[in-house]
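Welcome! Here is a short tour for anyone meeting this structure for the first time. Please have a look at the picture, then read on.

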Amino acid sequence: MNYPQLFLTTLPELIVVLGMFVALGFDYTKYKELDPQTRSNKVAALSTIALMLGLAGVVWQFLQVTDGSKTFSNSFNGQVVLTPLTLWFKGLIFVLALFVVQFAKTDVPNKHVSEYFGLILLSTLGMGFLITAQNLIMLFVSIELISLSLYGLTAFQTDKKFSVEAGIKYFTIGGVSSAFLLFGLSYLFGATNELSFEGITAAITSGAAPQNYVLIASAFLVVGLGFKIAAAPFHLWAPDTYQCGPVPVAAWVASGSKIASFFLLVQLFGPVLETSEQKETLIAGIVLVSVLSMVLGNIGALRQSCVKRLLAYSSIAHAGYILIGLVAANEDGSISVLFYAVIYSLATLGAFATIGIIDSRLGREAQIDDFNGTWKQNPGLSILFMIFILSLAGIPPLSGFFGKFYLFMAAIGSQPEIASWSEGFYWLVAVALLMSAVSLFYYVKVLKAFLVSADTPKLPSIQITKAEGAGLLLLAVLVVYLGIYPTGLVEFIAASLG
Amino acid sequence: MTVAFYIMAAIAVLGAVMAIALRNVVHAVFSVLLFFSALAGLFILLLAEFIAVVQVLVYIGSVGILMLFAIMLTTKVTGDPTRKLLSRGWAWGGLVSGALLLAFLVPLITQSKSESNSQLSNFNPSVKDLGLTLMDPYFASVGVIALLLTAGLIAAVVAASSASGE
Amino acid sequence: MEITLNHYLILSAVLFTIGLIGALTRRHIIIMLVCLEIMLNAANLNLIAFWHFGPNPILLHGPLFTLFTIAIAATEAALGLALVLAIYRHFKTVDLEQVQDLKE
């Protein structure tokens, strides 16, 4: 075992773990007598420093790997595979975690301050490990690390009935999905007798793996991962979790864990879909899940008056859109899935964070009516929120539009010989376009409350902290930037995938 | 071997069925302990003795006790005969989905030619080998398991402690 | 008749199904946790059986994976039971059907 090598490979994670324990230690001893808000500021500052140092570590690794130096050649049986692509996504997860910490610190749920930030950091690490994992053991362990931290975070407000209820629902449904996932992984192992993705892909593409086992494995993996990305019909946990957990946690479930799960989907299914004999069956299954998600998500969102619940249903719909890129089953499809996962996460994190700020100032859950006339009192916040919502809706100058465009083009381009509207994936794209039009209806309803309604404003003028303001502004800039100049990221992903 | 397999399999199925069918929660937990021990027996038949030992230690030793404690801390143990056992309208749904799952799995499993030879007779895996493999390529995963235990510990402490009073 | 891989696979499929039926139908939260453990154990049986009958058991992949999953399942049970206590504090019941205050 090459321990120095392992140390360098996991350096960013080690830094963050160290920072987490320092924060826990200080919180239990030195800060014990302070009031929760001061403690929260101090612990958040420590967590921010830890994440920044970790991010610096990731950047250093990225530079090493792109230089082509051999420092990280050893991948430990595919447990921690550092390539430019995985490092870029790991860095993105760390950046998003930085935002989440800033949003979380103003409204800490109860006296367990350092545990709150500790669980956020642990779930961040889990997502990072999931992205770099190309080994079944590491995959399952890191997925469970993410899930357990998120169950804990959702149920964090133990003095609130709804938070605990959402936590137990998330836990039971998540537990069943983990069992499905493990059952599927066991068949994948049985079919190929390999644990690393490299070996598994080789066994499946060469036809050495028994097809019946591969089919069972794919079916169980679709169900298990469908739960994790909140695709219908496995979405029942999502609305309650997003509505009743702490808002920064909902933002984190909707952004960070989505990126990590879609990255895994692309890595796991991408090679299988391009070659396997079971391609047709698997694609049919994914198409079914995708259509159900788009329809149920968008129709469900129409009826909501609570904004967080509305965003939860819209996230189900977005999972459906992203799966369209997966059924394209080629490299363009994988690129578009990863690209859309990134911009969706940025926009949804921003939207949830804005709602979180408004919720904490209102002292209750924001309904759509509460936003009436916000424009007059808080023009800055309204503009930022408008950018996030319009990007989610897929309005042209913003990045959400290009994300959807790439997804749909990938699906259509995957079957160039088909020209009729009723064949191929044309009908799927048509359903997606129709559902996007439906989604405009509820996005515009929210925006209308913000901008047009002339009633007396219900919200007072909102003071946001510097960290929150800077975070929101940065997210909005990223959303706009990726809309104006999407090719940079797309070309990077394409170059690193190929 | 054959007889041992069928006995263990019967105990496992019986334990699992009783665990989901019994009204008395404590009896249900005891029958799941029976199920865990039957699985440990199957692991021994499959020459994974160390896993069998771990199964006994972790599942019967700790998980079972945890469950019994949780029952004692929360609920009447004998079950309330006036209250329905099953969720409303879910009983048939559950049975149907179970039947569908088996109808999907069994034909697919029996498709492949059944393997009866084990390469294991050629060598005898020791616990030492397992430990070395765990430490050599899989050390990173062991590290992540450590993080997972930390996360589980923190989350469990927060969930079980009441936030309002000390 | 000799015991083959298929015997083990069918046994584990049956056990997984029993666990799933229980998880879908039973209302008691602790029994739901029991069902989760049954399903995870069925998957463990698969792993060990595939390893036993597989072409290269000397790599010890099956027992390794199982060790990890046993550790994970135990952690999950601990967290689940802590959540049960939290639920009981608020609802004074462990009946999942009565823990349904969240409405559409």
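Predicted model: local features only at pLDDT ≥ 70, side-chain atom pairs only at ≥ 80, totals over all residues.

## Two helices side by side

Two packed helices are described by the angle between their axes and the distance between the axes.

Sorted by type, the residues of the contact of α1(B) with α1(C) are 12 nonpolar, 3 polar and no charged.

## Where chain B touches chain A

Chain B also has a contact with chain A, made of 25 residues from chain B and 35 residues from chain A. Which elements of chain B give two or more residues to this side? They are α4 (90-111) and α6 (139-160) of chain B. The greatest share comes from α6(B), with 14 residues. By type, the side of chain B that touches chain A holds 17 nonpolar, 7 polar and 1 charged.

Chain B has a domain assignment as well, with domain 1 spanning 1-79 and domain 2 spanning 127-166. Taken over C-alpha atoms, the centres of domain 1 of chain B and domain 2 of chain B are 23 Å apart.

## The form of chain C

How many helices and strands does chain C have? There are 3 helices and 0 strands, and the order from the N terminus is α-α-α. The radius of gyration of chain C is 18 Å, while the globule rule gives 13 Å for 104 residues, so chain C is more spread out than a compact globule. The C-alpha trace of chain C spans about 55 × 25 × 25 Å along its principal axes.

Of the 104 residues of chain C, 76% count as buried. Among the contacts in chain C with a separation of 6 or more, 51% are between residues 24 or more positions apart.

Most residues other than glycine have a negative phi, and most peptide bonds are trans. With that in mind, here are some spots to look up.

In chain A, a cis peptide bond joins A232(A) and P233(A), with omega about 0 degrees. P233(A) sits in the loop between α9 (211-228) and α10 (237-244) of chain A.

Next come the positive phi values. N193(A) is not a glycine, yet its phi is positive, about 55 degrees. You will find N193(A) in the loop between α7 (161-192) and α8 (197-205) of chain A. Is N193(A) buried or exposed? N193(A) has 20 other C-beta atoms within 10 Å, so it is buried. L60(C), also a residue other than glycine, has a positive phi near 60 degrees. L60(C) lies in the loop between α2 (29-53) and α3 (61-91) of chain C. L60(C) counts as buried because it has 21 C-beta neighbours inside 10 Å.

Technical notes. Residues numbered from 1 in each chain as written. Chains lettered and ligands numbered in written order. Nonpolar A, V, L, I, M, F, W, Y, C, P; charged D, E, K, R; others polar. Contact = placed C-beta atoms within 7 Å. Helix = DSSP H or I, 4+ residues; strand = E, 2+ residues; numbered from the N terminus. Domains from an automatic or database assignment. Rg over C-alpha atoms; globule rule 2.2 N^0.38 Å. Buried ≥ 20, exposed ≤ 12 C-beta atoms within 10 Å, placed from the backbone.
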